[in-house]
Amino acid sequence: MEPGAHTAVMEAHWGGGAAPFGASWQKTMMWIFIVTDALLFSGLLCGYAFLRQASPLPWPNRPEVFSIPFIALMTFILITSSMTMGTAVTAARLGDMKKALTNVVFTIVGGLCFLACQAYEWTHLIREGARLTGPVAGSELIEKGVTGQFTQAFFLLTGFHGSHVFSGLVILIITAIRTSMGKTPAQGVEMAGLYWHFVDLVWVFIFTLFYLL
Amino acid sequence: MSDAAHGGNPYRVYLITWAILLVITVAMLGAELFHLPRIFLILFLVVFMMVKASMIAGNFMHLRFERRNLSWMVGAGILVTSLILYTFITPESLHVRNASQQPVKESGTAPHPGAGIQE
């Protein structure tokens with residue numbers, strides 16, 4: 001490659017100017033927000049790694065504590081809702097607002113199902129004796145090797161993720177209402193979509209690192 | 001975006017990504033059945049976790065179609081920071097584990113860490 005062409009390529013990818021990332025300011029700010037939010041989860045996951053590595057007792061066997069097929073169902077719901085959200089974003093971009101609205105509504109239904117599953121999982125575990133500070137004395141969770149470190153990691157990771165799903169749902173419901181009134185521009189759907197996919201992305205990490213590993 | 005430009009079905013990319021994500025998830029769930037050595041299982045799960053994350057970021061979040069410096073800021077920014085954080089906490093966590101195991105071994109009367117809390 002000639003030196004001039006190289007400079008041109010560098011300029012195209014890294015040049016500043018009014019739009020240094022080649023995106024609208026809304027999208028740039030959304031991405032910066034996503035990076036900061038991802039760092040929050042990175043900190044939480046590293047905190048979980050610390051608790052697990054520092055734990056003097058062996059980490060509980062997850063299939064004994066959770067129903068892994070149920071967690072797989074939650075993953076399926078979230079991935080599917082991400083697919084419908086992607087479809088909604090593209091439909092909005094192509095000007096098909098009716099299709100966009102239908103798919104945003106599908107995504108909302110998926111998000112509600114996920115939250116319901118999480119509420120069920122939490123209720124089930126709390127009834128078994130799990131608390132943020134550890135399993136209550138005499139509960140059968142202790143026989144399964146559940147420790148305070150384990151319940152802390154579980155409630156914090158899934159709690160923070162669940163709260164993100166909840167706020168994502170609020171954003172999606174507002175987007176759906178405004179879309180039905182013809183007030184949401186295509187970019188509005190795209191921003192809501194970015195956040196929703198991010199929630200799905202975080203679940204990929206929690207699902208692998210907490211439930212499977 | 002690019003599919004629409006090429007005259008194909010613009011929604012196909014989402015269906016294909018969705019199907020691949022599901023297949024990978026099933027493979028990850030089934031990995032345990034093969035009784036791989038622990039290190040290979042960890043490697044398998046982490047690699048496919050990263051593949052899934054890249055597919056979501058690339059295809060669902062359209063990072064593939066953004067300017068390269070945006071993808072770098074997002075991908076490298078998050079990964080490098082997380083790796084630095086993890087690298088620094090690992091020796092400390094092992095130190096805590098070794099320190100907490102010492103008194104239990106010596107006295108034998110220390111409360112069991114998994115003994116549970118009183119309600």
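**Notebook: chains A and B of a predicted model**

I began with the order of elements in chain A, which from the N terminus reads α-α-α-α-α-β-β-α-α-α. Because its radius of gyration is 21 Å, well over the 17 Å that the globule rule gives for 213 residues, I note chain A as more spread out than a compact globule. Counting its secondary structure gave me 8 helices and 2 strands. All of this is read from a predicted model, for which I noted an ipTM of 0.88 and a pTM of 0.88.

**Extent and packing of chain A**

I looked up the span of the C-alpha trace of chain A along its principal axes and wrote down about 70 × 50 × 25 Å. For burial, I found that 39% of the 213 residues in chain A are buried. I then turned to the contacts in chain A between residues at least 6 apart in sequence, and of these 72% join residues at least 24 apart.

**Where the chains touch**

**Domains of chain B**

For chain B I took the domain assignment, which gives domain 1 as 1–65 and domain 2 as 67–101. Taken over C-alpha atoms, the centres of domain 1 of chain B and domain 2 of chain B are separated by 23 Å.

**Confidence in chain B**

Which elements of chain B have the lowest and the highest mean pLDDT? The lowest, 48, belongs to helix H1 (residues 2–5) of chain B, and the highest, 96, to helix H2 (residues 12–30) of chain B. Over residues 1–5 of chain B the pLDDT is below 50, although in the model this stretch has 10 contacts beyond near neighbours in sequence. Residues 107–111 of chain B also have a pLDDT below 50, and for this stretch I noted 2 contacts in the model beyond near neighbours in sequence.

Key:
Residues numbered from 1 in each chain as written. Chains lettered and ligands numbered in written order. Predicted model: local features only at pLDDT ≥ 70, side-chain atom pairs only at ≥ 80, totals over all residues. Domains from an automatic or database assignment. Helix = DSSP H or I, 4+ residues; strand = E, 2+ residues; numbered from the N terminus. Rg over C-alpha atoms; globule rule 2.2 N^0.38 Å. Buried ≥ 20, exposed ≤ 12 C-beta atoms within 10 Å, placed from the backbone. Contact = placed C-beta atoms within 7 Å. pLDDT = per-residue confidence, 0-100.
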